[in-house]
Amino acid sequence: MGFPQRVINIFFSPGQVFQSLREHPSFIPPIIVVVLLSMATVPVMAPMNEKVAIEQIRQQTPDVTQEQIDQVASFTSGPVGIGIGMVAVVIVVPVMSLLMTLIFRTLFQAVFGGNVSFKHALSVLTHASLINILGIGMTILITYSTQKVGSTLSLGVLVPFLEEENIIYIVLNGIDVFTGWWLCLLSIGFGILYDMPTMRSAKVFFGLWVLWIAGKTAFVMTFGSIIPGM
């Protein structure tokens with residue numbers, strides 16, 4: 001199965017994609033696609049990031065001057081800020097892919113044993129991440145429609161009447177549709193790699209997600225939200 005076929009089938013027939021990767025692991029093409037797509041979003045999101053940065057500096061410094069605001073705006077949405085954002089994407093996407101693969105593979109090896117190579121695990125993770133092709137586009141649409149940086153397709157949209165500090169809202173806001181989809185794909189892929197039922201593999205990934213949501217909820221309830229949308 002060639003890469004263009006894998007891009008299409010990851011949305012409609014992920015099992016076939018992961019079976020193909022089990023025989024012929026490949027991770028560079030999907031990383032390149034996600035990096036390029038993420039880089040393209042930097043200038044698109046720059047105006048919204050500028051708006052948030054200006055609001056923050058006005059809250060933190062009530063007597064801020066117009067010159068200071070102009071400097072923040074110029075850096076956030078100017079060539080320097082956009083350039084830094086693109087360079088950060090080039091570094092962060094591969095590093096996070098490697099780190100998450102290391103964590104997941106180590107956990108599966110410890111719990112289930114087996115002899116799955118790092119390359120195979122990285123291939124599954126990077127191909128599962130191709131749903132960002134759709135996810136990033138949805139995030140941009142939701143961000144501009146809600147005028148809130150960090151907005152995602154989460155269950156938090158079901159309770160717009162709740163305050164952001166409400167524990168129910170925090171929990172639901174942490175249940176993002178694309179994160180759940182990504183974890184489902186990882187469950188299928190790792191299940192194939194480790195010769196186990198998808199449901200057994202899913203218990204690991206969704207168990208980690210529950211712990212993450214619980215930890216994030218406890219943090220936000222204690223210290224407040226530091227990052228918009230978190």
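**View 1. Thr101 in helix H5 of a predicted model.** Thr101 is part of helix H5 (helices are DSSP runs of H or I with at least four residues, numbered from the N terminus). Because its relative accessibility is 0%, Thr101 counts as buried (under 20% relative accessible area, with a 1.4 Å probe and protein chains only). Leaving aside residues up to four places away in sequence, Thr101 touches Thr106, Phe118, Ala121, Leu122 and Leu125 (contact means heavy atoms within 4.5 Å). Leu125 is 24 residues from Thr101 along the chain, and their C-alpha atoms are separated by 6.7 Å. This is a predicted model, in which local features need pLDDT of at least 70 and side-chain atom pairs count only at pLDDT 80 or more, while totals for chains, interfaces and linings use all residues. Residues are numbered from 1 along each chain as its sequence is written, and side-chain values use heavy atoms, without hydrogens and water.

**View 2. The contact of H2 with H6.** The axes of helix H2 (residues 14-23) and helix H6 (residues 118-128) come within 9 Å and cross at roughly 150°; axes are lines fitted to C-alpha atoms over the stretch in contact, with angles from 0 to 180 degrees between N-to-C directions. H2 and H6 are therefore roughly antiparallel (over 145 degrees). Val17, Phe18, Leu21 and Arg22 of H2 meet His120, Ser123, Val124, His127 and Ala128 of H6.

**View 3. Helix H10 and its cover.** H10 (residues 198-223) has 26 residues and reaches 37 Å from first to last C-alpha, close to the 38 Å expected at 1.5 Å a residue (1.5 Å times one less than the number of residues). Its buried residues include Phe205, Trp209 and Lys216. Helices H5 (79-112), H8 (167-173) and H9 (177-193) are among what covers the buried residues of H10.

Technical notes: Helices (H or I, at least four residues) and strands (E, at least two) are DSSP runs, numbered from the N terminus. Buried means under 20% relative accessible area, exposed over 50%, partly exposed in between (1.4 Å probe, protein chains only). Angles under 35 degrees count as roughly parallel, over 145 as roughly antiparallel, 65 to 115 as roughly perpendicular and the rest as oblique.
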